[in-house]
Every structure is written in structure tokens, then in C-alpha cells.
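The following exercises concern the structure shown below. Each consists of a task and a solution in steps.

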Protein chains: 2
Amino acid sequence: MRQSTLFGRTLREAPSDATTPGTRLLLRAAIARPLAAGLYTWLPLGFRVARKVEQIIREEQDRIGAQEIRIPVITPAEYWKETGRWDTLEPVTFRTRDHGGREYMIGYTHEELVMHHARSEIQSYRQLPAIVYHFQEKGRDEERPRAGLLRVREFVMKDAYSIARDFEELDRQYWAEHDAYARSFARMGLDAISVESDTGNMGGDVAHEFQVLTDVGEDRIVVCPSCDYRANMEKATRAPAPAAAAPADLPAYASIDTPDATTIETLERRLGLPARDFLKTLLLRDAEGSVVAVVLPGDRELNEAKLRKVLRTSAVKFASEADFTAAKAVPGYVGPVALRARTLVDASVEPRGYVAGANRKDTHLRDVVPGRDFRGERVDVHDVAAGDRCPKCGAGLAVRRGVEVGNIFKFGPYYADKMDATYLAEDGTRRPLMFGSYGIGIGRAVQTIIETSHDERGIVWPKAVAPFDAHVVALPSRDGAVPPAADALVAELESAGIEVLYDDREETAGVKFADADLIGIPLRLTVSARTLKEDAVELKGRRAENGTLVPRGEIVATVKELARP
Amino acid sequence: MRQSTLFGRTLREAPSDATTPGTRLLLRAAIARPLAAGLYTWLPLGFRVARKVEQIIREEQDRIGAQEIRIPVITPAEYWKETGRWDTLEPVTFRTRDHGGREYMIGYTHEELVMHHARSEIQSYRQLPAIVYHFQEKGRDEERPRAGLLRVREFVMKDAYSIARDFEELDRQYWAEHDAYARSFARMGLDAISVESDTGNMGGDVAHEFQVLTDVGEDRIVVCPSCDYRANMEKATRAPAPAAAAPADLPAYASIDTPDATTIETLERRLGLPARDFLKTLLLRDAEGSVVAVVLPGDRELNEAKLRKVLRTSAVKFASEADFTAAKAVPGYVGPVALRARTLVDASVEPRGYVAGANRKDTHLRDVVPGRDFRGERVDVHDVAAGDRCPKCGAGLAVRRGVEVGNIFKFGPYYADKMDATYLAEDGTRRPLMFGSYGIGIGRAVQTIIETSHDERGIVWPKAVAPFDAHVVALPSRDGAVPPAADALVAELESAGIEVLYDDREETAGVKFADADLIGIPLRLTVSARTLKEDAVELKGRRAENGTLVPRGEIVATVKELARP
């Protein structure tokens, strides 16, 4: 392809709101362009990468026997209503109506639709197991799209759906997809690890995410350096600290004056005690309007995802003024003693004396002992912190940032039960279709490749997904022989099956080389008056500092050997 | 692929609301399934066909130098507002808002979006000409989805957009796309003709459609049997009939009593005159609310598309009661004499005496002479009828039904002017980007292939787009040798690069053969106890009545030779 008429121009500078290296390079190298917040167009260079990523995924899906289909983007409300997700997904989805008033969702994902087809197409155990998948746009009304393609409002997902007779068959499908994912990411040049994850608004119990560890990620991943324990913070646990016996002889709790001390930090300073000696009590309200108090040690953070899971709710927010009044609580001075609210006590709260809010303005209580002075349901809703002990092996855990590039869910009969999807089993009974789903976002994968494979000059594409195999650069020259020589080289490479971007523009060598480094095609081939004199072509790998002259007669064979992974 | 676990089952009978042969076969052969009116999922068999159709189109686009990109489905309102199509397309599009209130359209097409990118990416004449294209879902809120995939609410379109420096370059791009379309349709087995067409809500002046002539089509195509004149009825014209001189001595018009005679048919019977001796006057209202009267001979039909074009409006409907009052007209008795409305007189109205409505109940006028008794703007807004004379050669025209499988538009500076999209020309001036667009609907193409290539037993896929090259059918047998022999044959064919559907189901020979004919794969290979005895495989082409035995040792080579187009 000739670079002169390539649609999409490289940029010297990235827009100032591009917050990650990958976003800056994505824009500068004309991989993609925004249409609006969270909506991006693939330009030709980026589209070629996206297609190669898709093709890798397709091959790995086909290898495990998955069948490609295609479900519409516009999905009727009726199917979502069967599972209740029409309501629960409302805050994060795009809705539309036709002119007759019928309601639709732009598919957030496609579980309900696949299950609908499955219950009609699959009648007997003889038709199982089956996996279907498609590449299809998803719409997600992200409140804060960020970082280019890492968090967007529309993206193509490869979503696969497995349908099985029983748990054992589902388990085989789940791990077959797990391995297909691992192979797919490895082939596209991503170092992705699989971690245990929360199922969120998807339903079911078992899920894994594939995470690429990088500082630009917004997920927090707990990783054990000694064993294979890896979990998303939303799901991570820690080995409990050695259980201390409750001290028997603590005095009864007593009030202390704490004017204008509404934060743990202020209390630490004021009382000269460490954060772990305080209890913080959060008064919260779930999506259904129920109020709950959560009690944590002062040095622990609430993990909202864990709490949502405990409460079986889709969202948690701060309680209202009326909620405080009803609970007999005072903002800034909430405490668990004599609180009139359902109380959850985090597992990290120990059986010892704490300073806690007194539910009176400017007042705290000291020597508050859990179990003695208040009761509550014990739950695990705290963030794991670096240094906590691994729940599997006891070693000190690390906390890293990660980008979730894929996720897989084992639902079991969750969707079948809600949608009355059964098949005729071999023994003549009707049984629920066992279900799993498996997603990879194409755009996020592409940008994560850039985030983790670039240098200060530009992108460094892995060979398997590079937009082109080779970048032929014809340098400006008063020697009229350069353009026809470059033309001939390109033609010869292309007939040998090499994909070539051909820089035929009227630009200086400096501009051309800078663009070549920015775009990041693995092999650069320079044709100039100098190389013609040597009857050679200068070949340079993207990461190399300098090129080497390769005789013209050998260049095609050399490139063929180097080009493909 | 094993048919036992193929997702999607064949149906003995099509649903009763399937109105065309192609729709019935599409459903029976498990090519696609509806989710709701006008929303279809491709099942695996259909998806394979769709992908092959896409790949043919992609290759022909790439051959003319087009570059593949991908623009979102969810498109921000702001770009549509620049051209005014946010409003004009409202009745036929799906809209959505994000939770912050910003408006979006599910792309009806993508001209505005491409033009937006072009004005930012293309700065100089050196970057032109360029053609970009994508395969992407379109949303169209069709009031009456019909006939399976022929008219739907969501479909994947290949839409290409050409950008040129001037009219000459645009013209070259337009005809390059025209020829790429002709090649694409021929390769996928569609006998498509290019016809002149109306530009409708797309803007611009020049357009062609590719039409496949078949009775299931909803378009009416005027075809000259003697020359190359072909036009959509919405655009078609005819050579004027020989001009008759106005008779000089007609009496002044006079009232006649016509109680309860509000249709041409009633008047014909009542007065014993042919339809062409009457004038019918239609009182109409355009999308902007302006009222217009259209006068046609009683034997001619109004062509709404032509009228919309004349009125530069997006829709025309019947006038309201208030409009009648204001025009001093009476429903059923509207006539052009003394009518208080803007009057359009169709070109087929001759300068002679007619019977016309009197604008009084139960009354008509006779001897109404156009030009003498009323005046109006002369326009061509009538349907061409079979037997009318060809505007190019004068021969008698035919009117056929057609399915529009592709359309191409030459806009010139239409979009650039509205969107301020210019480039720096070689002479230093800024000039508008010349624009064209080119669409093919994948689903409609696939169904049109079925509509025009089937027999009473099922689909007959052209080789180039068949879901598989060969259908291996293992017949039931007490001979345990059949399944392993069929397995081996399938493995051997697949390693030779043949795509195989393998009927490994526990079904009777009758069911298997009926399904094979229904699904319509070009080659059927039967393995049975009988063929094993002969050390052979039975090979049957889809249209053949009987198969022939091919020695086992030759079958792979034979299939390889026959399989591909």
C-alpha cells in the first residue's frame, strides 16, 4: 500500500488529553481516531492489526470446535427481561425504541440471545456439546471513557458461548476456552495471566480474567510471588492473621471528646493511635434501597465489588440524610454500638478494643469490643493489601495494576433456569442447558499490545499482528533511479506474499524514518541512491539502532524468512 | 464440521409467514433465525456464506485500491446535524442517548462520519485520490420488515466512500466501483444489472442501482428490450407520445352530475369513457407542510419518488381536511379548475378536453382543457408503464420486479459543501473534497442468491459462496465399517483443503438426503455399506438426479477439481 494516499496521517504530537503511552501512540501513528468520547474509528493501519488479532482468535476458537455465528447489535428487550438484566444493566447500556414503541438494547453482551437460540435449536443431548461465537459490536455507556481504546463506549468483542449437558462437560469447555485464550494472547504478543475474578453483573459463580500487568491498567491484581495464586482485587482474599484471643479484662467502653474529628487521619493525629486501632463504620444503601452498616478497621479499605456480591445488589452508594436519622447515626461519628441498622463486620476486625464513632456529634467511644459491645454478620469485604499473606501458601502478596484483556464465566444452569432452556437428556428427562461465556475485546487487546510493546520512538508491533510485514522507504534523491527501483522491490516483495507499506511520499529522510519508527512495522527496507550504488537494500529491524546492507538479489528471501512469526 | 453438533436445526416446514421461496429456504435450511421482526441472527451455515460474500467484495474493493477501516455503529448526532440528515432521517432511524443526555444515531449509513475523518486526515492534493470502506451494521427502522433478509432493521453493509480532487477523478472512482460491483455480483453468482436510480435521501444527482430481476423484488425496474436503457421506476422516463395539437373549437367546460362517483373506475362505468379521458387531481402535503395539487390523466399512476424529488421533500402524504377547505376543494371531486393550491401538471396530460372534478360535491366538469381552463407547473411525476416508448431508442419498454443488491452514488461536492471539507489544491487554493458512496447489503445479497438459485428440494449454492465445498453423508448401516470409513474420508478431504460438512447423525438415509438437498452444498459424497463394497464413494452434484460411484482412491482429487469455482 502506498503511504502517500494512506488514509490517516501521523501526528507529531498527541492531543494533551491522551493519558497513557499507548493512547498517545495510537493517535500519533494513525491507528485509530475518536469520533466522540469513547467512540473510535479504526484507520487502515489499525484495522489491519485488529483483523489479525481477530483472525488469531478465530483460529483458536475454531481449533476447539467453536462455530462462528452473528447476532444483531440491536437486541429486543423481551429476552433481557427474562433474566432481569433489562433493569440491572440500565445504568451502563444504550437503549432505543422503534417508531412503534418496541424497546431494544444495543447489546451489552449476548448471553440472553444465545440462550434464546439454543433453547429453540437444541432439542436433544445428541446435539451437545456446542460452542458458538461471534465478533460483534457491544455498546456500553461508560460514565468515564478513558485511555483510548482501554475503556470505550463501543467495541468489537469476540464473545463465545458454550452449551453443555452437565457440569463435567461445561468444565471441559471452560478449560478448553481458558487454554484457547492463553494461546490467543501469546500468539498476539500479550503476556496475559489468568486470575480469579468476580462475576459482577454476569451471574454465576466461577470466572477468570486474563490480565496483562502494566501500570496503565485500572484493575488491581493480587499476585503471589511464591505460588500460582492470582486474583482480581474484587475477588482476592488473604490468609487470616493469627487469631488473637479476646482480652478478657477490657474496661467497658467510654466516651471521649473528639470535636471536628470526622476522619481516621484526624483521629490518628489527635489521639496518637495508629489507624488499625480505630473502627470505621460506613453507612451505605444498595440499589434496592436497603441500608447497611459496614465495620472495618481504620487501616483497611472497603472493597465495593465484594460488598455488592454479599448484598446481591448491582450498586452501593452512601446513605441519605434520612437513612442516618433512621439509624440514629451522625455523619462523621457513625459507630456500631447501638446503631439501628443491619451491620456487617469485616473479617479483618479483631476481637479486641477499638476506638469507634459514638453516633453523637464530636464524640467517639474507646474500648469498643466487637462481639461484646455490638454484633453483626461476619463478611469479607476488605481490600487485600501488599504484604498480606497468600491464602494458598502464606507468602507475602504483591498488588499490581492490570488491563483485563479477556474474561471467562462458568454459569452452570444460571441462565437456563431463568430462561427455561432445557434439552431432552439420554434418560428421557428434561435438563437445563449448562452455559458459559467467554469474551475478548479486540480494541483493548490492540491497545494493550501497544502499551506493552513500544519505545520512545514509537510502536514496536509483534510480527503476528503488525499492520504490514515490511516498510519500504524510498529516500528522496536527485537520482531518478530510486523511485523505479523501490517500485520494483515492492512489487517483488508483494508477489512473494509479503505485506508492504511503501513510503513513496515526497518527504525528507528524517520525516520518513521518524514515521517508520512511530508506525512500528517490524522490518524497514530503505532504497536510496547510496543503496542502489551498492546494488543493495538497507534492512533494519524495528528495535535495531542501525540497518545492514543486504544484496538486492537476496533481499526478498531474507525478508520472507524474517517476516512471519 | 460434524452435523450432529452443528448449531441450528433444519425445519420440515417453514413458518407460515415466510412469504418468498428464499425466506422459506433460509429458515428451513438453518441459514438464519429471527430474533424479532427484521432482526436476524446468522447461524453457522449462513455465517459461512456471508463471510464468503464479504470476502469476494473485500477482494474486489482491495483490487481497486480501497482501504478497509471501521467506523462505530453508534454515531454522534453532531455530524448528522451538519448536513441536516439528523432531522430528515428521523423517521427511518434508531436513536439513543447516553446517561449524560448526548444524542446518537445507530448509523443509517456513514457518509457524514467518513467526511468528518476526511476533512481532518486529508490536507493536501498529494493524499488524493482515496477510497475507504468498511463492513458495518446499519440500523434502519423499517416500518414493514419483509421477506427474511430482503428488508430488515439491521444488516451488515459494505459501504465504500471515494474522495477525489475533482469531477474527473470522482468519475473514474465511480466507474471503478461500478465495475468492482459488477465483478463482485458475478463472482457470488448473482445476475445483477445496473440501472439508473433516484438518489432519495442520500443527496447528489447521479446514482445507479444493481438490480437482480426476480418476482420477489419490491422495486419496479423499467427495461428496454432493444437498447441498454434500464432505470428504476423512481427515475425512469419515457419518450413523449406524439404531440397532438390542441383542438381549437372545444366548447367551454360545463358541469355534469356525478353523484357518488369519487373514483376513476366509477366514472369510467358511469360515463362510458376510458380512464385516459379523465383528469385525477391529488391534493397532497409535503414533509414541510406545504400543500400541492398534482394533475394526472386517469390512466396514469403518480410516482411518489419523482414527486418528492420535484418538491425537494422527504415525504408526501394526503392533504388534511383543513387543507381541502383552504384549497376550496371537495374530497373525491378535486379538480384543477379554480383550485386554490400550487398546481403541478404531469407531462402525460395532453392539450385536449378532459373530464375533471368540479370542487363541488357530486359534480364533475367536462371539456376541461389544460392551459385554457387551468395552469400549472409541468413536471414528470408519473410511473412509466409497460409498452411506453424507450427514451433512448423508442422501443416498447418492459417493467420487471427487482431486488436492489447494491447502489452507488456520485455526490460531487454535496457533502463537502455542507461539512466544510476542503483540501489544499496544487495551485494553493482550497477546494471541496469530491465524494461518492457505494453500498452492498450482505444479508440481502445472500438471500437474493437463494431466491434465484434453488429448486423444489432446496437451496442450490453457487460454488463460490457455498457454506462448504462438500457434504459427506454416512448412511446408517449395521456394518460397523461405515463410520470409520467416513471419518477417514472427511479427514483426507479436509487435509486437502476441502471444506466439509459431515453428516454423522443417527438418521435415516431419507432424512439425510433431504437435508443435504435442502442445505444445498454443491457436492454430496455418500459413504455406505454398498459403496464400501465397491471401494468407492458416491458423488452427486446438487442439481443431478443420481450420483456416480467414484473409486475411493480418486475421490479426493476429483472433489478438489470440482469444488472450487
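**Exercise 1. Helix α5 of chain B**

Task: Determine which residues of α5(B) are buried, and whether the helix is mostly covered or mostly open.

Solution. 
Step 1. The buried residues in α5(B) are E111(B), E112(B), L113(B), V114(B), M115(B), H116(B), H117(B) and A118(B). A residue is buried if 20 or more other C-beta atoms, placed from the backbone, lie within 10 Å of its own, exposed if there are 12 or fewer, and partly exposed in between.
Step 2. Of the 11 residues in α5(B), 8 are buried, and the helix is mostly covered. Helices (H or I, at least four residues) and strands (E, at least two) are DSSP runs numbered from the N terminus.
Step 3. The model is predicted: local features need pLDDT of at least 70 and side-chain atom pairs count only at pLDDT 80 or more, while totals for chains, interfaces and linings use all residues. Residues are numbered from 1 along each chain as its sequence is written, and chains are lettered from A and ligands numbered from 1 in the order in which they are written.

**Exercise 2. The relation between the chains**

Solution. 
Step 1. Two residues are in contact if their C-beta atoms, placed from the backbone, lie within 7 Å.
Step 2. Ala, Val, Leu, Ile, Met, Phe, Trp, Tyr, Cys and Pro count as nonpolar, Asp, Glu, Lys and Arg as charged, and the others, Gly among them, as polar.

**Exercise 3. P72(A)**

Task: Locate P72(A) and decide whether it is buried or exposed.

Solution. 
Step 1. P72(A) lies in the loop between β3 (67-68) and β4 (74-76) of chain A.
Step 2. P72(A) counts as buried because it has 28 C-beta neighbours inside 10 Å.
Step 3. Apart from residues up to four places away in sequence, P72(A) touches L35(B), L39(B), T41(B) and E154(B).

**Exercise 4. Two helix pairs**

Task: Describe how α1(A) meets α11(A), and how α2(B) meets α11(B).

Solution. 
Step 1. In chain A, the axes of α1 (residues 21-28) and α11 (residues 442-452) come within 8 Å and cross at roughly 110°. That makes α1(A) roughly perpendicular to α11(A). Axes are lines fitted to C-alpha atoms, for helices over the stretch in contact, and angles run from 0 to 180 degrees between N-to-C directions. Angles under 35 degrees count as roughly parallel, over 145 as roughly antiparallel, 65 to 115 as roughly perpendicular and the rest as oblique.
Step 2. From α1(A), P21(A), G22(A), L25(A) and L26(A) meet Q447(A), I450(A) and E451(A) of α11(A). This contact has 4 nonpolar, 2 polar and 1 charged residues.
Step 3. In chain B, the axes of α2(B) and α11 (residues 442-452) come within 10 Å, crossing at roughly 110°. That makes α2(B) roughly perpendicular to α11(B).
Step 4. G46(B), V49(B), A50(B), V53(B) and E54(B) of α2(B) make the contact with I442(B), A445(B) and V446(B) of α11(B).

**Exercise 5. Backbone geometry**

Task: Where is the cis peptide bond at P129(B), and what is phi at A30(A)?

Solution. 
Step 1. The bond from L128(B) to P129(B) is cis, with omega near 0°, and P129(B) is in the loop between α5 and β7 of chain B.
Step 2. A30(A), a residue other than glycine, has a positive phi near 60°. A30(A) is in the loop between α1 and β1 (32-36) of chain A and, with 21 C-beta neighbours inside 10 Å, counts as buried.
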